[in-house]
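Please open the model in your viewer and keep the selection panel at hand. The tour below goes from one selection to the next and says what is found at each stop.

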Amino acid sequence: MLERIRRIAIIGSTGSIGRQALEIIASDRRRFHACALAAASSADKLIEQARAFRPEFVALAKPPADMASIAAALPDGTRLLTGPSAAEDAVRQSRPDMVLTALVGSAGLAPTLAAIDVKADLAIANKESLVMAGAVVMPTAKKAGINVLPVDSEHSALFQCLLGHRHRDIRRVVITASGGPFRDWPIDRIQSASVQQALNHPTWQMGPKITIDSATLMNKALEIIEAHWLFDVPAEQIDVLIHPESIVHGMVEFRDGSVLAQMGTPSMTTPIGFAMYYPERAAQAWGLLDLAKVGTLHFSAIDPARHPAIALGYDVIRRGGTAGAVLNGANETAVAAFLDGRIAFGQIIPIVRDVLNQAQLTSEIDKDVLLAADALARRRADERVEQLQQSTHPRPARG
Ligand code: MG
(Lines give C-alpha, C1' and ligand atoms only; values in the text may rest on other atoms or scores of the structure.)
Protein backbone atom coordinates (compact mmCIF):
# COMPACT_ATOMS: atom_id res chain seq x y z
CA MET A 1 0.00 0.00 0.00
CA LEU A 2 1.29 3.43 -0.89
CA GLU A 3 1.70 5.68 2.16
CA ARG A 4 0.49 9.25 2.04
CA ILE A 5 3.37 11.75 1.97
CA ARG A 6 4.13 12.97 5.49
CA ARG A 7 4.35 16.76 5.64
CA ILE A 8 7.09 17.82 8.03
CA ALA A 9 7.81 21.30 9.37
CA ILE A 10 11.43 21.56 10.48
CA ILE A 11 11.99 24.27 13.03
CA GLY A 12 15.73 24.84 13.16
CA SER A 13 16.43 23.45 9.68
CA THR A 14 19.93 24.92 9.29
CA GLY A 15 21.32 23.36 12.48
CA SER A 16 22.85 19.92 12.85
CA ILE A 17 19.58 18.02 13.54
CA GLY A 18 17.64 19.94 10.90
CA ARG A 19 20.21 19.21 8.20
CA GLN A 20 20.20 15.50 9.05
CA ALA A 21 16.39 15.45 8.86
CA LEU A 22 16.57 17.05 5.41
CA GLU A 23 19.03 14.37 4.30
CA ILE A 24 16.43 11.77 5.26
CA ILE A 25 13.77 13.69 3.30
CA ALA A 26 16.11 13.92 0.31
CA SER A 27 16.63 10.16 0.44
CA ASP A 28 12.90 9.35 0.60
CA ARG A 29 10.88 12.00 -1.22
CA ARG A 30 7.98 9.58 -1.74
CA ARG A 31 7.42 9.52 2.01
CA PHE A 32 8.30 13.03 3.13
CA HIS A 33 7.77 16.62 2.13
CA ALA A 34 9.30 19.56 4.02
CA CYS A 35 6.29 21.90 4.17
CA ALA A 36 8.04 24.53 6.30
CA LEU A 37 11.65 25.32 7.18
CA ALA A 38 12.55 27.74 9.94
CA ALA A 39 15.91 29.20 10.98
CA ALA A 40 17.03 31.87 13.41
CA SER A 41 19.32 33.96 11.20
CA SER A 42 21.11 31.78 8.61
CA ALA A 43 19.42 33.34 5.57
CA ASP A 44 21.79 31.98 2.91
CA LYS A 45 21.55 28.39 4.14
CA LEU A 46 17.77 28.68 4.40
CA ILE A 47 17.49 29.92 0.80
CA GLU A 48 19.66 27.03 -0.35
CA GLN A 49 17.43 24.56 1.50
CA ALA A 50 14.27 26.20 0.12
CA ARG A 51 15.58 25.76 -3.43
CA ALA A 52 16.34 22.09 -2.81
CA PHE A 53 13.15 21.20 -0.91
CA ARG A 54 10.55 23.71 -2.11
CA PRO A 55 8.64 24.17 1.15
CA GLU A 56 5.45 26.26 1.17
CA PHE A 57 6.90 28.41 3.97
CA VAL A 58 10.30 29.51 5.20
CA ALA A 59 10.67 31.42 8.47
CA LEU A 60 13.53 33.62 9.63
CA ALA A 61 13.40 34.91 13.20
CA LYS A 62 16.11 37.53 12.67
CA PRO A 63 16.17 38.49 9.00
CA PRO A 64 19.00 40.60 7.58
CA ALA A 65 18.28 44.17 6.43
CA ASP A 66 18.13 43.20 2.76
CA MET A 67 14.79 41.34 2.84
CA ALA A 68 13.90 41.98 -0.79
CA SER A 69 16.87 39.98 -2.07
CA ILE A 70 15.93 37.03 0.15
CA ALA A 71 12.36 37.02 -1.11
CA ALA A 72 13.66 37.23 -4.70
CA ALA A 73 16.01 34.28 -4.17
CA LEU A 74 13.25 31.96 -2.93
CA PRO A 75 11.62 29.54 -5.35
CA ASP A 76 8.07 30.14 -6.65
CA GLY A 77 5.50 28.90 -4.18
CA THR A 78 7.65 29.50 -1.08
CA ARG A 79 6.41 32.24 1.24
CA LEU A 80 8.77 34.08 3.59
CA LEU A 81 7.73 34.73 7.19
CA THR A 82 9.93 36.87 9.43
CA GLY A 83 10.18 38.04 13.01
CA PRO A 84 10.23 36.45 16.45
CA SER A 85 7.00 34.50 15.87
CA ALA A 86 7.86 33.41 12.31
CA ALA A 87 8.56 29.78 13.25
CA GLU A 88 5.31 29.52 15.17
CA ASP A 89 3.42 31.09 12.23
CA ALA A 90 5.03 28.63 9.82
CA VAL A 91 3.80 25.73 11.99
CA ARG A 92 0.28 27.14 12.07
CA GLN A 93 0.06 27.91 8.35
CA SER A 94 1.85 24.98 6.70
CA ARG A 95 -0.61 22.17 7.67
CA PRO A 96 2.14 19.82 8.92
CA ASP A 97 1.54 16.18 9.86
CA MET A 98 4.65 16.39 12.01
CA VAL A 99 6.74 19.18 13.49
CA LEU A 100 10.41 18.54 14.23
CA THR A 101 11.62 21.00 16.85
CA ALA A 102 15.33 21.01 16.05
CA LEU A 103 16.20 24.43 17.41
CA VAL A 104 18.17 25.12 20.58
CA GLY A 105 16.91 26.75 23.74
CA SER A 106 13.72 28.26 25.08
CA ALA A 107 12.82 29.59 21.61
CA GLY A 108 11.49 26.07 21.02
CA LEU A 109 8.53 26.46 23.35
CA ALA A 110 6.25 28.55 21.11
CA PRO A 111 6.55 26.34 17.99
CA THR A 112 6.09 23.25 20.21
CA LEU A 113 2.81 24.58 21.58
CA ALA A 114 1.75 25.67 18.07
CA ALA A 115 2.34 22.12 16.80
CA ILE A 116 0.03 20.77 19.49
CA ASP A 117 -2.58 23.40 18.57
CA VAL A 118 -2.65 22.28 14.94
CA LYS A 119 -2.64 18.61 16.06
CA ALA A 120 0.63 17.74 14.35
CA ASP A 121 2.76 14.94 15.77
CA LEU A 122 5.76 16.29 17.65
CA ALA A 123 9.29 15.05 17.01
CA ILE A 124 11.08 16.75 19.89
CA ALA A 125 14.79 17.45 19.62
CA ASN A 126 14.34 20.69 21.58
CA LYS A 127 14.76 19.30 25.10
CA GLU A 128 14.58 22.81 26.58
CA SER A 129 10.84 23.03 25.80
CA LEU A 130 10.22 19.94 27.95
CA VAL A 131 12.59 21.08 30.70
CA MET A 132 10.84 24.44 30.92
CA ALA A 133 7.28 23.43 30.22
CA GLY A 134 6.84 19.66 30.38
CA ALA A 135 3.94 20.23 32.78
CA VAL A 136 2.15 22.18 30.03
CA VAL A 137 3.39 20.38 26.90
CA MET A 138 2.68 16.76 27.89
CA PRO A 139 -0.93 17.05 29.14
CA THR A 140 -1.82 19.39 26.23
CA ALA A 141 -0.32 16.96 23.72
CA LYS A 142 -2.19 14.06 25.32
CA LYS A 143 -5.46 15.97 25.15
CA ALA A 144 -4.82 16.76 21.47
CA GLY A 145 -4.21 13.05 20.81
CA ILE A 146 -0.88 13.58 19.05
CA ASN A 147 2.27 11.47 19.22
CA VAL A 148 5.19 12.95 21.15
CA LEU A 149 8.31 11.33 19.72
CA PRO A 150 11.65 12.01 21.38
CA VAL A 151 14.57 12.66 19.06
CA ASP A 152 17.16 12.90 21.83
CA SER A 153 19.05 9.62 21.43
CA GLU A 154 18.66 8.52 25.08
CA HIS A 155 14.93 9.17 25.06
CA SER A 156 14.44 7.58 21.68
CA ALA A 157 16.12 4.54 23.26
CA LEU A 158 13.77 4.56 26.26
CA PHE A 159 10.76 5.06 23.98
CA GLN A 160 11.81 2.04 21.91
CA CYS A 161 12.48 -0.12 24.98
CA LEU A 162 9.04 0.75 26.36
CA LEU A 163 7.08 -0.14 23.20
CA GLY A 164 4.64 -2.91 24.05
CA HIS A 165 5.27 -2.68 27.80
CA ARG A 166 3.09 -1.48 30.63
CA HIS A 167 4.08 1.69 32.47
CA ARG A 168 3.44 0.10 35.86
CA ASP A 169 6.06 -2.57 35.13
CA ILE A 170 8.89 -0.02 34.99
CA ARG A 171 11.34 -0.29 37.90
CA ARG A 172 13.65 2.41 36.56
CA VAL A 173 14.91 4.00 33.38
CA VAL A 174 18.62 4.56 32.72
CA ILE A 175 20.10 7.09 30.32
CA THR A 176 23.77 7.02 29.42
CA ALA A 177 26.29 9.85 29.24
CA SER A 178 29.56 9.75 27.33
CA GLY A 179 31.14 11.83 30.09
CA GLY A 180 32.14 14.53 27.62
CA PRO A 181 35.66 15.75 26.78
CA PHE A 182 36.77 16.08 30.44
CA ARG A 183 35.85 12.55 31.52
CA ASP A 184 39.42 11.66 32.46
CA TRP A 185 40.66 15.11 33.49
CA PRO A 186 41.57 15.93 37.12
CA ILE A 187 38.65 17.89 38.65
CA ASP A 188 40.85 20.96 39.30
CA ARG A 189 41.91 21.24 35.69
CA ILE A 190 38.32 21.05 34.41
CA GLN A 191 37.49 24.35 36.17
CA SER A 192 39.71 26.37 33.82
CA ALA A 193 39.12 24.44 30.59
CA SER A 194 39.09 26.64 27.48
CA VAL A 195 36.19 27.09 25.06
CA GLN A 196 38.07 25.09 22.42
CA GLN A 197 38.65 22.20 24.83
CA ALA A 198 35.00 22.20 25.90
CA LEU A 199 33.81 22.19 22.29
CA ASN A 200 35.87 19.12 21.46
CA HIS A 201 33.33 16.35 22.15
CA PRO A 202 34.72 12.80 21.90
CA THR A 203 31.74 10.95 20.37
CA TRP A 204 28.97 13.31 19.20
CA GLN A 205 29.06 16.09 16.57
CA MET A 206 26.61 18.76 17.74
CA GLY A 207 26.04 22.51 17.96
CA PRO A 208 28.01 24.66 20.46
CA LYS A 209 25.33 25.05 23.16
CA ILE A 210 24.62 21.33 23.57
CA THR A 211 28.34 20.53 23.31
CA ILE A 212 29.07 22.81 26.28
CA ASP A 213 26.09 21.26 28.10
CA SER A 214 27.66 17.86 27.44
CA ALA A 215 30.98 19.01 28.91
CA THR A 216 29.34 20.32 32.11
CA LEU A 217 26.94 17.34 32.09
CA MET A 218 24.10 19.85 32.33
CA ASN A 219 22.89 18.13 29.16
CA LYS A 220 22.32 15.02 31.26
CA ALA A 221 20.56 17.01 33.99
CA LEU A 222 18.24 18.42 31.29
CA GLU A 223 17.73 14.88 29.97
CA ILE A 224 16.77 13.58 33.44
CA ILE A 225 14.02 16.21 33.49
CA GLU A 226 13.11 15.40 29.89
CA ALA A 227 12.76 11.69 30.80
CA HIS A 228 10.56 12.59 33.76
CA TRP A 229 8.08 14.41 31.52
CA LEU A 230 8.20 12.11 28.50
CA PHE A 231 7.75 8.86 30.41
CA ASP A 232 5.98 10.04 33.56
CA VAL A 233 8.60 8.58 35.91
CA PRO A 234 9.61 10.16 39.24
CA ALA A 235 13.17 11.33 40.00
CA GLU A 236 13.90 8.19 42.06
CA GLN A 237 13.29 5.98 39.02
CA ILE A 238 15.70 7.79 36.68
CA ASP A 239 19.39 6.84 36.66
CA VAL A 240 22.40 7.98 34.70
CA LEU A 241 25.42 5.84 33.80
CA ILE A 242 28.67 7.09 32.32
CA HIS A 243 29.26 5.07 29.15
CA PRO A 244 32.17 6.42 27.10
CA GLU A 245 31.48 4.41 23.93
CA SER A 246 27.97 5.90 23.44
CA ILE A 247 26.66 2.61 22.05
CA VAL A 248 23.95 1.84 24.63
CA HIS A 249 21.75 4.95 24.57
CA GLY A 250 19.16 4.02 27.18
CA MET A 251 17.80 1.10 29.17
CA VAL A 252 14.59 0.20 30.94
CA GLU A 253 14.69 -2.08 33.96
CA PHE A 254 11.35 -3.78 34.61
CA ARG A 255 9.92 -4.96 37.92
CA ASP A 256 11.10 -8.53 37.31
CA GLY A 257 14.72 -7.35 36.96
CA SER A 258 14.78 -7.80 33.21
CA VAL A 259 16.60 -4.96 31.43
CA LEU A 260 16.00 -3.89 27.83
CA ALA A 261 18.63 -1.67 26.22
CA GLN A 262 18.67 0.08 22.86
CA MET A 263 22.00 0.22 21.06
CA GLY A 264 23.35 1.83 17.93
CA THR A 265 26.29 3.72 16.55
CA PRO A 266 26.51 7.27 17.93
CA SER A 267 24.64 8.87 15.03
CA MET A 268 21.78 11.31 15.55
CA THR A 269 20.31 10.37 12.17
CA THR A 270 19.04 7.07 13.61
CA PRO A 271 16.81 8.62 16.33
CA ILE A 272 15.73 11.40 13.92
CA GLY A 273 14.74 8.74 11.39
CA PHE A 274 12.98 6.68 14.05
CA ALA A 275 10.74 9.65 14.90
CA MET A 276 10.13 10.62 11.27
CA TYR A 277 9.08 7.11 10.18
CA TYR A 278 7.21 6.18 13.36
CA PRO A 279 5.41 3.81 13.77
CA GLU A 280 7.23 2.20 10.87
CA ARG A 281 10.96 1.76 10.49
CA ALA A 282 13.11 3.17 7.73
CA ALA A 283 14.29 0.68 5.14
CA GLN A 284 17.76 2.21 5.29
CA ALA A 285 20.33 2.30 8.12
CA TRP A 286 22.55 5.23 9.03
CA GLY A 287 25.51 3.34 10.42
CA LEU A 288 25.50 -0.31 11.44
CA LEU A 289 26.76 -1.47 14.81
CA ASP A 290 29.60 -3.98 14.76
CA LEU A 291 29.91 -5.13 18.37
CA ALA A 292 32.79 -7.48 17.57
CA LYS A 293 34.71 -4.44 16.39
CA VAL A 294 33.67 -2.34 19.42
CA GLY A 295 34.78 -5.23 21.63
CA THR A 296 34.21 -3.80 25.09
CA LEU A 297 31.57 -1.52 26.60
CA HIS A 298 32.27 0.39 29.82
CA PHE A 299 29.81 1.71 32.41
CA SER A 300 30.40 3.64 35.62
CA ALA A 301 28.31 5.55 38.15
CA ILE A 302 27.96 9.32 38.34
CA ASP A 303 30.47 10.94 40.71
CA PRO A 304 28.66 13.90 42.36
CA ALA A 305 31.94 15.77 42.97
CA ARG A 306 32.93 15.51 39.34
CA HIS A 307 29.41 15.96 37.93
CA PRO A 308 27.70 18.58 40.14
CA ALA A 309 25.17 19.43 37.42
CA ILE A 310 23.39 16.08 37.73
CA ALA A 311 21.93 16.86 41.17
CA LEU A 312 20.27 19.96 39.70
CA GLY A 313 18.22 17.79 37.33
CA TYR A 314 16.75 15.78 40.21
CA ASP A 315 16.29 18.95 42.23
CA VAL A 316 14.20 20.53 39.47
CA ILE A 317 11.90 17.49 39.23
CA ARG A 318 11.31 17.52 42.99
CA ARG A 319 10.69 21.27 43.13
CA GLY A 320 8.44 21.38 40.06
CA GLY A 321 6.57 24.50 38.93
CA THR A 322 8.86 27.09 37.37
CA ALA A 323 12.09 25.35 38.50
CA GLY A 324 12.79 23.91 35.03
CA ALA A 325 12.35 27.30 33.37
CA VAL A 326 14.72 28.88 35.92
CA LEU A 327 17.35 26.16 35.49
CA ASN A 328 17.18 26.38 31.72
CA GLY A 329 17.21 30.19 31.50
CA ALA A 330 20.15 30.47 33.89
CA ASN A 331 22.04 27.75 32.05
CA GLU A 332 21.53 29.26 28.58
CA THR A 333 22.83 32.58 29.91
CA ALA A 334 25.84 31.07 31.68
CA VAL A 335 26.78 28.96 28.65
CA ALA A 336 26.58 32.01 26.38
CA ALA A 337 28.81 33.93 28.83
CA PHE A 338 31.36 31.10 28.79
CA LEU A 339 31.33 30.92 24.97
CA ASP A 340 31.90 34.71 24.94
CA GLY A 341 34.94 34.29 27.19
CA ARG A 342 33.28 36.21 30.05
CA ILE A 343 33.40 33.45 32.69
CA ALA A 344 35.47 30.34 33.36
CA PHE A 345 34.16 26.86 32.57
CA GLY A 346 34.02 26.01 36.28
CA GLN A 347 31.71 28.97 36.94
CA ILE A 348 28.85 27.79 34.71
CA ILE A 349 27.25 25.28 37.11
CA PRO A 350 27.70 27.39 40.31
CA ILE A 351 25.92 30.30 38.56
CA VAL A 352 23.02 28.07 37.54
CA ARG A 353 22.82 26.56 41.04
CA ASP A 354 22.82 29.99 42.71
CA VAL A 355 20.08 31.33 40.46
CA LEU A 356 17.96 28.21 41.03
CA ASN A 357 18.44 28.27 44.80
CA GLN A 358 17.57 31.96 45.06
CA ALA A 359 14.55 31.88 42.74
CA GLN A 360 11.03 32.31 44.06
CA LEU A 361 9.36 29.34 42.43
CA THR A 362 5.71 29.37 41.41
CA SER A 363 3.65 26.18 41.18
CA GLU A 364 0.69 27.61 39.21
CA ILE A 365 2.11 27.70 35.71
CA ASP A 366 1.13 28.54 32.17
CA LYS A 367 3.15 29.67 29.17
CA ASP A 368 3.37 33.32 30.28
CA VAL A 369 4.42 32.45 33.84
CA LEU A 370 7.14 30.18 32.45
CA LEU A 371 8.43 32.80 30.03
CA ALA A 372 8.53 35.36 32.85
CA ALA A 373 10.47 32.94 35.08
CA ASP A 374 12.84 32.27 32.18
CA ALA A 375 13.44 36.01 31.62
CA LEU A 376 14.04 36.68 35.31
CA ALA A 377 16.47 33.74 35.60
CA ARG A 378 18.42 35.13 32.64
CA ARG A 379 18.66 38.55 34.31
CA ARG A 380 19.81 36.99 37.60
CA ALA A 381 22.40 34.85 35.80
CA ASP A 382 23.66 37.91 33.90
CA GLU A 383 24.05 39.78 37.19
CA ARG A 384 26.09 36.87 38.59
CA VAL A 385 28.26 36.88 35.46
CA GLU A 386 28.93 40.60 35.91
CA GLN A 387 29.75 40.20 39.60
CA LEU A 388 32.21 37.42 38.79
CA GLN A 389 33.82 39.46 36.03
CA GLN A 390 34.29 42.39 38.41
CA SER A 391 35.87 40.19 41.06
CA THR A 392 38.22 38.70 38.45
CA HIS A 393 39.01 42.03 36.77
CA PRO A 394 38.37 44.67 39.46
CA ARG A 395 37.91 48.21 38.23
CA PRO A 396 40.83 50.49 39.15
CA ALA A 397 40.21 52.28 42.44
CA ARG A 398 39.46 55.96 42.15
CA GLY A 399 42.25 58.11 43.61
MG1 MG B 1 21.02 13.18 24.34
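Begin by colouring two ranges separately: the domain assignment of the protein, whose bounds come from an automatic or database assignment, gives domain 1 (6–150) and domain 2 (155–392). The model is a predicted one, in which local features need pLDDT of at least 70 and side-chain atom pairs count only at pLDDT 80 or more, while totals for chains, interfaces and linings use all residues. Residues are numbered from 1 along each chain as its sequence is written, and side-chain values use heavy atoms, with hydrogens and water left out.

With both domains coloured, look at how they meet. Their centres, taken over C-alpha atoms, are separated by 23 Å, and the contact (heavy atoms within 4.5 Å) takes 33 residues from domain 1 and 38 residues from domain 2. Between them the two domains bury about 3,100 Å², 68% of it on carbon and sulfur atoms; buried area here is the accessible area (1.4 Å probe) that two parts lose on being put together, summed over both.

Now turn to the second largest pocket, which holds about 640 Å³ of space. Of the 22 residues that line this pocket, Met138, Lys142, Trp229, Leu230 and Phe231 are the closest to its centre. A pocket is, on a 1 Å grid over the protein atoms alone, an open set of points with protein on both sides within 12 Å along at least five of seven lines, and lining residues have an atom within 4 Å of a point. Where does the second largest pocket lie? Both domain 1 and domain 2 give residues to the lining, so the pocket lies between them.

For the next stop, select Leu163, in the loop between helix H7 (153–162) and strand E8 (170–177); helices (H or I, at least four residues) and strands (E, at least two) are DSSP runs, numbered from the N terminus. Leu163 is partly exposed, with a relative accessible area of 40%, where partly exposed is the range between buried, under 20%, and exposed, over 50% (1.4 Å probe, protein chains only). Not counting residues up to four places away in sequence, Leu163 touches Phe274 and Tyr278.

Finally, display Ala323 together with Leu163: the two are 160 residues apart in sequence and 30 Å apart in space, C-alpha to C-alpha.

Terms used: 1 Å grid on protein atoms, 1.4 Å probe; cavity = no way out; pocket = protein on both sides within 12 Å on 5 of 7 lines; lining within 4 Å. Points joined across faces, edges and corners; volume = space filled by probe spheres on them.
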